[in-house]
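The tour goes stop by stop, with something to select at each one.

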Amino acid sequence: QVQLVESGGESVQAGGSLRISCVSSRFFFRDNCMGWFRQAAGKEREGVAALCPGQVRSFWYADSVTGRFSLSQDANKDTVYLQMNNLKPEDTATYYCAGTTSGHVPGPRMKEKDEYVYWGQGTQVTVSS
C-alpha cells in the first residue's frame, strides 16, 4: 500500500516563504509521477505542480504559481518538496500530495486529478495579508 504523508503547512504572512514536504513509501517517487494539488474552502481541488521521474525529469507548474513555487526532491527520491515563495492570500488552501501509477504522464495531463491514484491527507497553508 502506497503512503503519502504531507507536512510543513502553517500560517505565514503574505510575501513570506514556506516549504512543504511529501514523504512517500520507499522508492515510490523514483518510479512514479507525483503532483501537488490544493483545495481552498468552497473551491475545487486544483493542480499546483507536478513532477515525473526519469533521466530528464519533467515538471509542470500552474500559471498562478510559476516563478514563485518550485519542486525539488531529496537524493533518495522518497521526499518531494514544494518551495513556496512570495506567498499570497489566494494561496491559502489545504495542499495535497498525490501519486500516479506511471512514470510518465503526458504534459497536459499532469494537472488532472484523475491521473493520480494515491493521495495524502493534506497539510494546511494559510497566508494572511
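**Before you start**

This is a predicted model, where local features need pLDDT of at least 70, side-chain atom pairs count only at pLDDT 80 or more, and totals for chains, interfaces and linings use all residues. Residues are numbered from 1 along each chain as its sequence is written, and side-chain values use heavy atoms, with hydrogens and water left out.

**Stop 1: C22 and C97**

Select C22 and C97. A disulfide joins them, with an S to S distance of 2.0 Å. The term means a pair of cysteine sulfur atoms within 2.5 Å. Look along the S-S bond: the angle about it is -75°, and the link of C22 and C97 is left-handed. Now color by strand. C22 sits in strand 3 (residues 18-24) and C97 in strand 9, 75 residues apart, so the pair links distant parts of the chain. Helices (H or I, at least four residues) and strands (E, at least two) are DSSP runs, numbered from the N terminus.

Are C22 and C97 buried or exposed? C22 is buried, at a relative accessible area of 0%. C97 is buried too, at 0% relative accessibility. Buried means under 20% relative accessible area, exposed means over 50%, and partly exposed lies in between (1.4 Å probe, protein chains only).

**Stop 2: C33 and C52**

Select C33 and C52. Their sulfur atoms are 2.0 Å apart and form a disulfide. The link of C33 and C52 is right-handed, with 110° about the S-S bond. C33 lies in the loop between helix 1 (28-31) and strand 4, while C52 is in strand 5 (residues 46-52), so the bond ties together parts 19 residues apart in sequence. C33 is buried at 0% relative accessibility. C52 is buried as well, with a relative accessible area of 1%.

How many disulfides does the count give? The count is 2 disulfides. With bonded cysteines counted along the chain, the pattern is 1-4, 2-3.

**Stop 3**

Switch to charged side chains. Side chains of opposite charge can pair when their charged atoms come close. A salt bridge here is a side-chain nitrogen of Lys or Arg within 4 Å of a carboxyl oxygen of Asp or Glu. By this rule there are 7 salt bridges.

Select R38 and D91. Their side chains meet in a salt bridge, 2.9 Å from N to O. The two residues are 53 residues apart and link distant parts of the chain: R38 is in strand 4 (residues 34-39), and D91 is in the loop between strand 8 (79-84) and strand 9 (93-99). R38 is buried, at 6% relative accessibility. D91 is buried, at 0%.

Together with R38 and D91, they are linked in a network of salt bridges.

**Stop 4: R109 and D114**

Select R109 and D114. The side chains form a salt bridge with an N to O distance of 2.6 Å. R109 is partly exposed, at 30% relative accessibility. D114 is exposed, with a relative accessible area of 59%.

**Stop 5: R30 and D31**

Finish by selecting R30 and D31. The side chains of D31 and R30 meet in a salt bridge, 3.3 Å from N to O. R30 is partly exposed, with a relative accessible area of 40%. D31 is partly exposed, at 41% relative accessibility.
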